[in-house]
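Let's take a friendly walk through a protein model. Have a look at the sequence and the 3D view first.

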Amino acid sequence: MVVLGIESSCDETAAAVLADGYRVLSSIVASQDDVHAPYGGVVPELASRRHLEVIVPVVERALGEARVRAADLDGIAVTQGPGLVGSLLVGTSLAKALAWVHGLPLVGVNHLEGHIYASFLTDDPPEYPFLALVVSGGHTALYQARAPREYALLGQTRDDAAGEAFDKVAKLLGLGFPGGPIVQRTAEAGDPTAIAFPASRMTDGARDFSFSGIKTSVSLYVKRHGPLSERQTADVAASFQAAVVRMLVRRTLRACVQTGVKRVVLTGGVAANTRLRETLAAEAGVEGVRLHVPPPRLCTDNAAMIAAAGSDRLKAGERARLDLNAIPDLVLAS
Ligand code: KG4
Ligand code: ZN
């Protein structure tokens, strides 16, 4: 089965072709960082316009590199949500048009399920059941994947997503956009124990995350001590990153103990963070938890993960109708 995946939920226009479920024949990602960098964040209207400009060439390139003609595909998988509605509409419209013209089966994919399926595109795919920590620019949630396509939500952020916190702190420190990779690079020269940014505790004992407290502490520190020297900036970046990583790692490993599930998938844009990957790997090892982390290029937004999740759904007989619509607040599990 050869499946085309299309992803346009936020600020990456992506298309990929997969064979036999998880064999990647091509994967093209067109980043919009240059469009949004001057604003320090994603501007929805500009994102959808850029998607419109590049999505057809991106899909053509993905088909070309895979040496597959659209008419020879066995199906199309497209991100249906969650995401920015204008951005999602560009992908769903093209996917529907291609499905209609070539008479192909179509399936809508939840972007977060896509992130989880990135772990099946590696040499070390997880076995069910497993926990999945999905940390991205728009979402931070911990799921239990009980069986294929069967998820339960264990906890999620009550305010900012982890990636959003990285992006906002980068802006506070005047580092640029997107914040995650720049904060990581800046943190390399800093001391992660220099400043104690407090991680908020859930008074009701929930497994939820919260990052606005850490972000506010950084903002207060910058106001009180600014303008910061290069050394101080590096210390703030390192201490902030350490606080975020601590919260993510603790909540995840506690959920392993509580559920008795000893397999964890770490995925989403923030999973590209080296300190998070290394800390979770080390602490999971101590707890006897098996960790599966896709390579960074599969953790950030791409269409191979959408095609993988879609292939599974197509194989299971799922079909979307041509009135499939973008759902900006699509839920994976509750
Ligand atoms: O999954 P993704 O590509 O898009 C969404 O679905 O949101 O995640 C993007 C987010 C951004 O907030 C970006 O700053 C963050 O992932 N990110 C990182 C790193 N690379 C990307 N955060 C921390 N460290 C990184 N190395
Ligand atoms: Zn994403």
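## About the model

This is a predicted model, in which local features need pLDDT of at least 70 and side-chain atom pairs count only at pLDDT 80 or more, while totals for chains, interfaces and linings use all residues. Residues are numbered from 1 along each chain as its sequence is written, and side-chain values use heavy atoms, with hydrogens and water left out.

## Two domains

The protein chain is divided into domain 1 (2-116 + 299-315) and domain 2 (127-293), with bounds from an automatic or database domain assignment. Their C-alpha centres lie 27 Å apart.

Where the domains meet, 17 residues of domain 1 are in contact with 20 residues of domain 2 (heavy atoms within 4.5 Å). The rule finds one salt bridge across this interface, a salt bridge being a side-chain nitrogen of Lys or Arg within 4 Å of a carboxyl oxygen of Asp or Glu.

## The largest pocket

A pocket is an open set of points on a 1 Å grid over the protein atoms alone, where a 1.4 Å probe fits, with protein on both sides within 12 Å along at least five of seven lines; lining residues have an atom within 4 Å of a point. The largest pocket is lined by 38 residues, and Asp 11, Ser 136, Gly 137, Gly 138 and Asp 167 lie nearest its centre.

Why does the largest pocket lie between domain 1 and domain 2? Both domains give residues to its lining, so it lies between them.

Technical notes
Chains lettered and ligands numbered in written order.
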